[in-house]
Amino acid sequence: MSQKELPKEFYEMMEELQAIDFVLVELTLYLDTHPDDFEAIEQFNENAHARQILKQKFEQQFGPLQQYGNSYSGYPWNWDDPPWPWQI
Amino acid sequence: MWVYEKKLQYPVKVSKCNPMLAKFLIEQYGGADGELAAALRYLNQRYTIPDKVVGLLTDIGTEEFAHLEMIATMIYKLTKDATPEQLKEAGIGEHYVNHDRALFYTDAAGNPFTATYIQAKGDPIADLYEDIAAEEKARATYQWIIDQSDDPDINDSLKFLREREIIHSQRFREAVEILKEDRDRKKIF
Amino acid sequence: MAKFTLRKQYRPYVSPFDPCPSIRVKTYVTPPNLYVGFQPEKLPQFNAKQALFAGTLWKVFYDPYYGSEEKEKGGGQ
Ligand SMILES: [Fe+2]
């Protein structure tokens, strides 16, 4: 079976995504207990926007991050293409 | 519902073929203060707690599943290419004869996961104090695993997970303050 | 007054009959969440990459832990 090796850019872009998503996780938990912090909500929305752009860029190169229709599919169906996160 | 994302919350690297570490890490997979227990505990408490803190329980519970996947990744990588002899030497022989390299929800001593790890008293304060204690216990467990580990890359991921317990504990403490409905009053005095 | 630290110490009773060499000073962790109370707004943050590798967005909660082996190699506090 052939196996595609992941290029360096995969790991770099993945780390970028992990970083911005981590900020969003942190702000989410913070806002769950600080719902009136206007500045934090602004920061949250800015990051949410940047995240969408990065997600699109990532998926165009490396395939869908989510399914059930939260990402577009390539042809043929590429959601179940390896590698999975624990394999890389 | 939940939507899976094909990405780990934090990069997991394993630098040494040391299956012994897998034996220790399983504590945080299927142990009393592990990530599975945490996720199930918080998500289950949501149905009987004031709305004000349901979002927090949902989000921390969901994050715990991401941590569970990180632990699974470490165990998978540590055992995937280990020979049966290596696994036996690492003290995983008992696990191997029952499960091969399959992950199984047990603690480090092999005790199977049980629902009794997941406290649910239905009293919001009792449950949140349970959660705070669970986070501190998970933090301590990560410390003891880091003490036993000689793999700098695994330690890096474990330190991330330990730090997350500090944040979760902080948020649960804040949730208690929110339920006291005392925050604005204090500002006046 | 001693400098503030999140690592506290105590001295357990030492018996002349302790079978192993006595550890005279034991330490334990008191994490930063014990001191912050309800988090105030606008606390200093890490940037995104730093935050990921620290495990927290807010500097006040960053509490690195070093294992016994790392401490022996000169890491930690
Ligand atoms: Fe946690």
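Where in chain B does T106(B) lie?

1. In this predicted model, T106(B) is found in the loop of chain B that runs between α6 (93-99) and α7 (124-148). With a relative accessible area of 8%, T106(B) counts as buried, because the cut-off for that class is under 20%.

2. As for the surroundings of T106(B), once neighbours within four places in sequence are left aside, the residues in contact with T106(B) are I26(B), E27(B), G30(B) and G31(B), together with N111(B), P112(B) and F113(B).

3. Turning to the interface of chain A and chain C, the contact draws on 15 residues from chain A and 15 residues from chain C. The area buried between these two chains is about 1300 Å², and carbon and sulfur atoms give 65% of that area. On the side of chain A, the residues that lose the most area to chain C are F22(A), E26(A) and Y30(A), which together account for 34% of what that side buries.

4. Two salt bridges are found across the interface of chain A and chain C, and in a salt bridge the side chain of E39(A) meets that of K42(C), at 3.4 Å from N to O. Across the interface there are also five residue pairs in polar contact, with both residues at pLDDT 80 or more.

5. Within chain A, the side that touches chain C takes at least two residues from each of α1 (8-33) and α2 (38-62), and α1(A) gives the most, with 10 residues. Sorted by class, this side of chain A comprises six charged, five nonpolar and four polar residues.

Methods. Residues numbered from 1 in each chain as written. Chains lettered and ligands numbered in written order. Predicted model: local features only at pLDDT ≥ 70, side-chain atom pairs only at ≥ 80, totals over all residues. Heavy atoms only, no water. Contact = heavy atoms within 4.5 Å. Buried area = accessible area lost by both parts, 1.4 Å probe. Salt bridge = Lys/Arg side-chain N within 4 Å of Asp/Glu carboxyl O. Polar contact = N/O pair within 3.5 Å; in protein donor to acceptor, adjacent residues only side chain to side chain. Helix = DSSP H or I, 4+ residues; strand = E, 2+ residues; numbered from the N terminus. Nonpolar A, V, L, I, M, F, W, Y, C, P; charged D, E, K, R; others polar. Buried < 20%, exposed > 50% of the residue type's maximum accessible area, 1.4 Å probe, protein only.
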